[in-house]
Amino acid sequence: MSCFSGDSNFCPECGTVLPLPGMQDTVTCPLCAFRISIRLFAGQEIKSTVVFNPIEQSLMLEEEEDSELKGPVTDRRCSRCNKEGMVYHTRQMRSADEGQTVFFTCIHCRYQEKEDS
């Protein structure tokens with residue numbers, strides 16, 4: 001007995017999104033291998049749209065992000081202005097079995113440093 005009901009774009013057994021019908025007589029769920037006859041899809045039309053943000057709006061967001069430093073502040077001393085206080089964030093830049101890279105930005109002069117931990 002089916003656990004899910006409703007939209008024919010989803011598997012009635014596990015709820016996974018079904019692939020589009022192809023040349024076979026059935027559509028097979030990629031997760032649980034449940035098979036549905038393509039006759040159930042007869043007459044259905046699938047439409048999709050893509051809406052792009054206006055370029056002006058994207059440029060305004062980039063300017064706003066650059067204007068203010070965000071993130072936790074540490075008492076690390078800046079190597080350029082020698083004042084204490086740097087904002088930091090981490091990223092996994094190298095392979096997963098190696099440490100993260102820590103990026104520091106001075107809150108006074110905006111000098112940037114990085115440290116591989």
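Guide: Happy to! Let's start at R77, which is partly exposed with a relative accessible area of 45%; here buried means under 20% relative accessible area, exposed over 50%, and partly exposed in between, with a 1.4 Å probe and protein chains only. Please keep in mind that this is a predicted model, where local features need pLDDT of at least 70, side-chain atom pairs count only at pLDDT 80 or more, and totals for chains, interfaces and linings use all residues. Residues are numbered from 1 along each chain as its sequence is written, and side-chain values use heavy atoms, with hydrogens and water left out.

The partner of R77 is E84: the two form a salt bridge whose closest N and O atoms are 3.4 Å apart. The term stands for a side-chain nitrogen of Lys or Arg within 4 Å of a carboxyl oxygen of Asp or Glu. E84 is also partly exposed, at 44% relative accessibility. In total, the structure holds four salt bridges.

Another of them joins R94 to E98, with 3.3 Å between the closest N and O atoms. Both ends are partly exposed, R94 at 30% and E98 at 37%. Elsewhere, salt bridges with shared partners connect R76, E113 and E115 in one network.

E113 is buried at 14%, whereas R76 is partly exposed at 25%.

R76 has a further contact: its charged end sits over the ring of F104, 4.0 Å from the centre. For this, NZ of Lys or CZ of Arg must be within 6 Å of the ring centre and within 35 degrees of the ring normal. F104 itself is buried, at 8% relative accessibility.

That brings us to the rings, where the count is one aromatic pair. Rings of Phe, Tyr and Trp (its six-membered ring) pair if their centres lie within 6.5 Å, and planes under 30 degrees apart count as stacked, over 60 as edge-to-face and the rest as tilted. Y88 and F104 have ring centres 6.2 Å apart and planes at 45°, so this pair is tilted. Because Y88 lies in strand β4 (residues 84–91) and F104 in strand β5 (residues 101–106), the pair ties together parts 16 residues apart in sequence. Y88 is partly exposed, at 31%.

Key: Helices (H or I, at least four residues) and strands (E, at least two) are DSSP runs, numbered from the N terminus.
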